[in-house]
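Please look over the sequence and the model that follow, and then read on for a guided walk through an annotated span and the spaces found in the structure.

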Amino acid sequence: MPETPPKRPMGRPASNLPPLSLHIPEPRYRPGDTPDFSDVEIPAVDATPRPGEATKADAMRELCYGLVRVLDFDGQAKGPWNPNLAPDRLRTMLRYMMLLRAFDDRMFRAQRQGKTSFYMKSTGEEATSVASTMAIDRSDMCFPSYRQQGILIARDYPLIQMMNQIYSNRGDHLLGRQLPIMYSAPEHGFFSVSGNLATQYPQAVGWAMASASKGDSRIATVWCGEGSSAEGDFHSALTFATVYNAPVIFNVVNNQWAISSFSGFAGGERTTFAARAVGYGIAGLRVDGNDALAVYAATQWAADRARTNNGPTLIEHFTYRAEGHSTSDDPSAYRAAQEASAWPFGDPVARLRQHLEALGEWDAERHEAQRTELEELVKTTQKQSEKLGVLGHGMHQPFETMFQDVFEDMPWHLQEQCDQMLAEQKTKFGADWKPE
């Protein structure tokens, strides 16, 4: 019998083996560095083939490592993914993206003025919400993360309702119960935003499974950031979608940064985020997220695939978060100041404008006129909303609403607490007191 090797005492490394080392992801550039993205691969517009919507996932795995592009840097739409949208459709897309940017800028300033506690801009990522939404049917259900206000704008949701929610004023149909920017508009196919990362992923899959089991024709589409793809809910959702062939589109917005950590902490150093589709046996696409037409085309392809019972698709939108994670974040503390301007894929609004101008369907004068019009629209709407109150300026909802909408019939103990509170309110403020 062979001799049994001696056992090494627990906790003591072997003297004849190299020591292990732990890898800690580090971003390439920190404050004070000069970013250089010249090594980022930019494939030709026609380099990524467009397979049929019914193509088996294992036959198109290379699309998880390429990059779907339509708009070249000369403003021309080219290649097999070109959706060939009519000029009016392109102008509508540009208008929504510009309106989103104007809304973001105005609400950011409102937060800095102390009118609300929190806001998140989507600067540089407008195409990932607006173009995606325009490529699906308005009856399809959207499960957003917290930077997809472009979905509501692309579905013509009233701006004043969005502002009322941000201000938690007396016009807020959510009655001040949600953190600012966590909208809910199911009547517009917009599921409630949650601050808990990736919870919307299994919810979207469940909704899609229910739609399929009923023989409906509606699909679900869901968004998260690349950091959220490291959450357990993300992987549970992909498992269920794979097993039940759920009609759902998974959007991973890879904007390179979480609140203060870069995409490497979610696995971005090892492979693409689209490649996560390979392990689950579902279709995956990696898309230039600053190319509105590429985003539209990829989403349209995935929607057609889902609607014809060919299963889910994961789309990685390769983009860049041009500003801070939120108004609570200072990106200058952890990334190079010039990164946004150095990003090689440019600005999605500017690129779509360039395309329309190359077609002879747009010009600088019309662009400036539309920008001024949209800024005035947002400003006027803001004034209307602020007449209904802003956050922190008194109570805008009746006290008793905090007890409502949890149970169909309020339990006796909550009714007792509510009555006690209203009695104390009457004693302290008088019988005629009402929220401002």
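The model is a predicted one, and an unreviewed UniProt entry annotates residues 95-387 as "domain: Dehydrogenase E1 component".

Turning to open spaces, the largest pocket holds about 830 Å³. Its lining is made of 35 residues, among which Val40, Gln256, Gly268, Arg286 and Phe318 are the closest to the centre, and by class this lining comprises 16 nonpolar, nine polar and 10 charged residues. The second largest pocket has about 240 Å³ of space, and of its 17 lining residues Tyr146, Arg147, Gly225, Ser228 and His325 lie nearest the centre; the classes here are seven nonpolar, seven polar and three charged.

How many cavities of 30 Å³ or more does a search of the whole structure find? The search finds two. The largest cavity, with a volume of about 40 Å³, has a lining that includes Leu152, His173 and Tyr183, and helix H4 (residues 159-167) supplies the largest share of that lining, three residues. Six of the lining residues of the largest cavity are nonpolar and four are polar, with no charged residue. The second largest cavity, of about 30 Å³, is lined by residues including Tyr146, Arg147 and Tyr183, and its lining counts five nonpolar, three polar and one charged.

Note on methods. Residues numbered from 1 in each chain as written. Predicted model: local features only at pLDDT ≥ 70, side-chain atom pairs only at ≥ 80, totals over all residues. Heavy atoms only, no water. UniProt positions renumbered as here; feature names shortened; annotations may be inferred. 1 Å grid on protein atoms, 1.4 Å probe; cavity = no way out; pocket = protein on both sides within 12 Å on 5 of 7 lines; lining within 4 Å. Points joined across faces, edges and corners; volume = space filled by probe spheres on them. Nonpolar A, V, L, I, M, F, W, Y, C, P; charged D, E, K, R; others polar. Helix = DSSP H or I, 4+ residues; strand = E, 2+ residues; numbered from the N terminus.
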